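The sequence and the model come before the text.

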Amino acid sequence: MTRAETGPTTDVAALLADGRVALLEAVAQVDDLLRPGGARVLHLRLADGFTLDVLPDRGLDLGPAWWRGVPVAWRSPHRADPGPGAGWEERFLGGLLATCGPENIGPPTDGAGQHGSHHLTPATEVRWWREVTPTGVDVHVRGTVGYSTLYGTRLVVEREIVAGTGRARVEVRDEVRNDGDEPVGVPLLYHVNLGAPLLAPGSRLLLDGDPVTTTREPLPPGREPLTMPDPATGAPAVVAEHRGLPVAGGRSRAVLPGPGARVVVEWSGDTLPRLCTWAWPARGAWVLGVEPTNAPLFGPDRDEPHHGAPLLAPGQTWRTGVAVEVVAGPDDGPTD
């Protein structure tokens, strides 16, 4: 895919500097919307960047995302959220990011449902603003997501989302704080969901280093955990964990080469030392989940105290998060 095919680069800094643009919203539009049914959505449209939904009613997770008219995020087959009373999977609409935790990831445990509560909990104190930078305009969204029990746990996630003009990149920056009186195990998993057309048959997720891979179930014949086969009716999902990814400057990454562009997922490797993947190539359910996490999703490690999750001490704060970027260019694998 050439630059002529994808459109010109917009020099937002130059537009602002010489007065061709009067208002910041001309290049960084934010629409604060209510969808049918009352769900609040912050719809971002960024010049030469992402078009992206931020979802305050779903823990400030990320919904549909588009890059130069091309969808990036996977959308589930569900037409609507059936609401409280249905299971996590039945309420999962896809989108670029669904955060799992902070009380559980993976299958239900005693007292905690599948994948925890974050993705289905409304954020409070939500606000957004624009910020002029040397290269253009950034949009910031901040809010607070809490998980608590009446007589015990008090966990708070202070989330900031940053996306800007001139670059199709969105960063999710979390500060996770224990406001309770006791240490608590806090599993976190960032469920990044990539779909067609950037995810194509034969696409292989590229990982730095030489990680050790295990799968939750035996591999179906002809399948590999990191490669998407052709769509097939009833094809099963493959869930895998990849341990031992290198951490450079506190960050780890995975790269998905695609037709004319690559998707780079980057995360805080020092606080999220595990990577899980979810490859489901069934017809009508074409998805690759890239899932950095701090706790085991399956296997014997889940039999450890707190199901293998690290402890967060009273008053302690973790800083962690994930970023997703689309980079135009040849399919040449990982890049800096």
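## Salt bridges, spaces and cores

R130 has a relative accessible area of 22%, so this arginine counts as partly exposed. The model it belongs to is a predicted one. The side chain of R130 forms a salt bridge with that of E25, with an N to O distance of 3.8 Å. This pair connects distant parts of the chain, 105 residues apart: E25 sits in the loop between α2 (12-17) and β1 (28-34), and R130 in strand β7 (residues 124-133). E25 is also partly exposed, because its relative accessibility is 33%.

The structure has 25 salt bridges in total. Another joins R319 to E175, whose closest N and O atoms are 3.2 Å apart. Here too distant parts of the chain are linked, with R319 in strand β21 (residues 317-328) and E175 in strand β10 (residues 169-178), 144 residues apart. R319 is exposed, at 57% relative accessibility, whereas E175 is partly exposed, with a relative accessible area of 31%. Salt bridges with shared partners also tie R167, R169, E171, R173, R251, E266 and E325 into one network.

### Pockets and cavity

| Space | Volume | Lining by class |
|---|---|---|
| Largest pocket | about 680 Å³ | 10 nonpolar, 6 polar, 9 charged |
| Second largest pocket | about 430 Å³ | 11 nonpolar, 6 polar, 3 charged |
| Largest cavity | about 40 Å³ | 9 nonpolar, no polar, no charged |

The lining of the largest pocket consists of 25 residues, and R35, A39, L55, R58 and L93 are the ones nearest its centre. Strands β2 (40-46), β3 (50-55) and β4 (61-67) are the elements that give two or more residues to this lining.

The second largest pocket is lined by 20 residues, with W88, E89, Q114, H115 and W278 nearest its centre. Two or more residues of this lining come from each of α3 (88-91) and β18 (274-282).

How many cavities of 30 Å³ or more does the structure hold? There is 1. The residues lining the largest cavity are L62, L96, L97, V170, V172, V192, V322, A323 and V324. At least two lining residues come from each of β10 and β21, and β21 has the largest share, with 3 residues.

In soluble globular proteins, nonpolar side chains tend to be buried together. The largest nonpolar core of this model has 67 residues, and L62, L96, V170, V290 and V326 have the most contacts inside it. Strand β8 (residues 136-148) is its main contributor, giving 5 residues. Apart from this core lies another, of 15 residues, including C100, L189, V287 and F298.

Beyond its neighbours within four places in sequence, L62 is in contact with L52, D53, V54, L55, G95, L96, L97, I161, V170 and V172. One of these contacts, L55, lies among the residues nearest the centre of the largest pocket.

### Backbone features

Positive phi angles occur in two histidines. H115, not a glycine, has a phi of about 60° and is located in the loop between β6 and β7. At 9% relative accessibility, H115 is buried; this histidine is also one of the residues nearest the centre of the second largest pocket. For H306, phi is near 60°, and the residue is found in the loop between β19 (285-293) and β20 (311-312). H306 counts as partly exposed because its relative accessibility is 43%.

Conventions:
Residues are numbered from 1 along each chain as its sequence is written. This is a predicted model: local features need pLDDT of at least 70, side-chain atom pairs count only at pLDDT 80 or more; totals for chains, interfaces and linings use all residues. Side-chain values use heavy atoms; hydrogens and water are left out. A salt bridge is a side-chain nitrogen of Lys or Arg within 4 Å of a carboxyl oxygen of Asp or Glu. Helices (H or I, at least four residues) and strands (E, at least two) are DSSP runs, numbered from the N terminus. Buried means under 20% relative accessible area, exposed over 50%, partly exposed in between (1.4 Å probe, protein chains only). On a 1 Å grid over the protein atoms alone, a cavity is a set of points where a 1.4 Å probe fits but cannot get out, and a pocket is an open set with protein on both sides within 12 Å along at least five of seven lines; lining residues have an atom within 4 Å of a point. Grid points are joined across faces, edges and corners, and a volume is the space filled by probe spheres set on the points. Ala, Val, Leu, Ile, Met, Phe, Trp, Tyr, Cys and Pro count as nonpolar, Asp, Glu, Lys and Arg as charged, and the others, Gly among them, as polar. A nonpolar core is a set of buried Ala, Val, Leu, Ile, Met, Phe, Trp, Tyr and Cys residues joined through side-chain atoms within 4.5 Å. Contact means heavy atoms within 4.5 Å.
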